[in-house]
Amino acid sequence: MNKEKALRQLKEIEKLASDLRLAADGWDEDWQTLIATLMSARTTDKKTILVATLLFTKFNSVEKLSKASYDDIANIIKPVNFYKTKSRNISELAKILVKEYNSKVPHDFDKLVELPGVGRKTANVFLAEQGHGAIGIDTHVSYISNYMGWTKSEKQEKVEEDLKKIFPEKLWGKLNWVLVRFGQTYRSRNKKNKILSEIRKKV
């Protein structure tokens, strides 16, 4: 894949993506960003933001959240998918942050993925939001990257590796936001494919 061509394609995609707020955006504290990102798995960003706002209003510090019972958390986040598992993970994660990290979220990939409920995508989205060079690979990123020919793999780590070879590090943190916003703007696969095809022909 020609790097300059891929850059031009990304710019075209960005122009057509709505400026939607994603689950990791706009929080005041690192722990809020991490937990909102964790909750967004298999749940829309819009719903996640609403539910996360309720959770963080009720428990406005990670210390308070670490003392909340499973039922207290579950009753609030019930609208998100897999809320039972996520409630357990949030409860345990908050306790670990308080006990082992002085209530701070580590900005280290290897430490992040050791936390309950934090996988590769969640860790990378969090790090990207904090300004680190990381690419969060979700279904939108994987699908669009394959369609545009930036990768031929559907494996998360390989897609991430391929994108890092094509795009300069200063753009890594931006990729997820651009592609997810585009994917959410055009939810119809036919519409999405038509626009992406036009970009490929144009650029």
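Helices (H or I, at least four residues) and strands (E, at least two) are DSSP runs, numbered from the N terminus. This is a predicted model, in which local features need pLDDT of at least 70 and side-chain atom pairs count only at pLDDT 80 or more, while totals for chains, interfaces and linings use all residues. Residues are numbered from 1 along each chain as its sequence is written, and side-chain values use heavy atoms, with hydrogens and water left out.

**Two loop residues**

Start by selecting S103, which is placed in the loop between α6 and α7 (109-112). Its phi is near 70°, a positive value in a residue other than glycine. Most residues other than glycine have a negative phi. Is S103 buried or exposed? S103 is buried, with a relative accessible area of 16%; buried means under 20% relative accessible area, exposed over 50%, and partly exposed in between (1.4 Å probe, protein chains only).

Now move to F82, in the loop between α5 (70-77) and α6. F82 also has a positive phi, about 55°, although it is not a glycine. F82 is exposed, with a relative accessible area of 56%.

**An aromatic cluster**

Next, select W27, W31 and F56 and show their side chains: these residues form one aromatic cluster. The structure holds 5 aromatic pairs. Rings of Phe, Tyr and Trp (its six-membered ring) pair if their centres lie within 6.5 Å; planes under 30 degrees apart count as stacked, over 60 as edge-to-face and the rest as tilted.

Begin with W27 and F56, an edge-to-face pair at 5.1 Å centre to centre with 90° between the planes. This pair links distant parts of the chain, 29 residues apart: W27 is in the loop between α1 (3-16) and α2 (30-39), and F56 is in helix α3 (residues 45-58). W27 is buried at 16% relative accessible area, and F56 is buried at 5%.

Turn to W31 and F56. Why is this pair edge-to-face? The ring centres of W31 and F56 are 5.2 Å apart and their planes stand at 75°, so the pair is edge-to-face. W31 lies in helix α2 and F56 in helix α3, so the pair ties together parts that are 25 residues apart in sequence. Both W31 and F56 are buried.

The charged end of R21 sits over the ring of W27, 4.6 Å from its centre. (A charge sits over a ring if NZ of Lys or CZ of Arg is within 6 Å of the ring centre and within 35 degrees of the ring normal.)

**Helices α1 and α12**

Select α1 and colour its buried residues: A6, L7, Q9, L10, E12 and I13. They pack against α9, α10 (156-166), α11 and α12, where contact means heavy atoms within 4.5 Å. At 1.5 Å a residue, the 14 residues of α1 should span 20 Å, and its end C-alpha atoms are 20 Å apart, which agrees; the expected span of a helix is 1.5 Å times one less than its number of residues.

Zoom in on N193, in helix α12 (residues 189-202). N193 is buried, with a relative accessible area of 17%. Which residues does N193 touch, not counting residues up to four places away in sequence? N193 touches Y143 and Y147.

Then pick K202, also in helix α12. At 61% relative accessibility, K202 counts as exposed. Draw a distance to Q9: K202 and Q9 are 193 residues apart in sequence and 8.8 Å apart in space, C-alpha to C-alpha.

**The largest pocket**

For the last stop, select S40, A41, R42, K121 and D138, the closest to the centre of the largest pocket of the 32 residues that line it. This pocket has a volume of about 800 Å³. On a 1 Å grid over the protein atoms alone, a cavity is a set of points where a 1.4 Å probe fits but cannot get out, and a pocket is an open set with protein on both sides within 12 Å along at least five of seven lines; lining residues have an atom within 4 Å of a point. Grid points are joined across faces, edges and corners, and a volume is the space filled by probe spheres set on the points.

Finish by showing α11, which gives the largest share of the lining of the largest pocket, 4 residues.
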